[in-house]
Amino acid sequence: MVFITSDKCYKNKEWIWGYRENDELGGADPYSASKAAVENIFNGYYQSFIETNREMDAVTTRAGNVIG
C-alpha cells in the first residue's frame with residue numbers, strides 16, 4: 001500500500017526550512033487537520049493489520065509543493 005499526501009499534514013511552525021518525517025502533525029485549519037487525521041488513521045491501520053503481516057507492506061509519502 002502507498003499513501004500519498006502533502007506537507008500540509010504538518011503543524012505549521014512558520015519556519016523557513018522544510019518539514020521532516022518526525023515533525024509534529026496537525027493544523028489549525030480544516031484542510032491541514034484533515035491531512036493529519038488521515039495520517040493517523042493510516043498509521044493505526046498499519047499497526048493493526050499490516051505490521052505483522054509479511055505478505056504486504058505500506059508506506060506514506062508527503063510531497064511538498066514545488067515551483068520551478
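This briefing covers the salt bridges of the structure and the residues that form them. The model is a predicted one. A search of the whole structure finds 3 salt bridges. Side chains of opposite charge can pair when their charged atoms come close.

**The network of Lys11, Lys13 and Glu24**

- Lys11, Lys13 and Glu24 are linked in a network of salt bridges.
- In the pair of Glu24 and Lys11, the closest N and O atoms are 3.9 Å apart.
- Lys13 and Glu24 are 11 residues apart, in the loop between β1 and α1.
- Glu24 is partly exposed, with a relative accessible area of 41%. Lys11 is partly exposed at 38%, and Lys13 is partly exposed at 38%.

**The pair of Glu39 and Arg62**

- Glu39 forms a salt bridge with Arg62, with 2.8 Å between the closest N and O atoms. Glu39 lies in helix α1 and Arg62 in strand β2, so the pair ties together parts that are 23 residues apart in sequence.
- Glu39 counts as buried because its relative accessibility is 4%, and buried means under 20%. Arg62, at 26% relative accessibility, counts as partly exposed.

**Glu51**

- Glu51 lies in the loop between α1 (30-50) and β2 (59-63). Its relative accessible area is 40%, which means that Glu51 is partly exposed.
- Glu51 and Ala37 are 14 residues apart in sequence, and their C-alpha atoms are 20 Å apart in space.

How values were computed: Residues are numbered from 1 along each chain as its sequence is written. This is a predicted model: local features need pLDDT of at least 70, side-chain atom pairs count only at pLDDT 80 or more; totals for chains, interfaces and linings use all residues. Side-chain values use heavy atoms; hydrogens and water are left out. Helices (H or I, at least four residues) and strands (E, at least two) are DSSP runs, numbered from the N terminus. Buried means under 20% relative accessible area, exposed over 50%, partly exposed in between (1.4 Å probe, protein chains only). A salt bridge is a side-chain nitrogen of Lys or Arg within 4 Å of a carboxyl oxygen of Asp or Glu.
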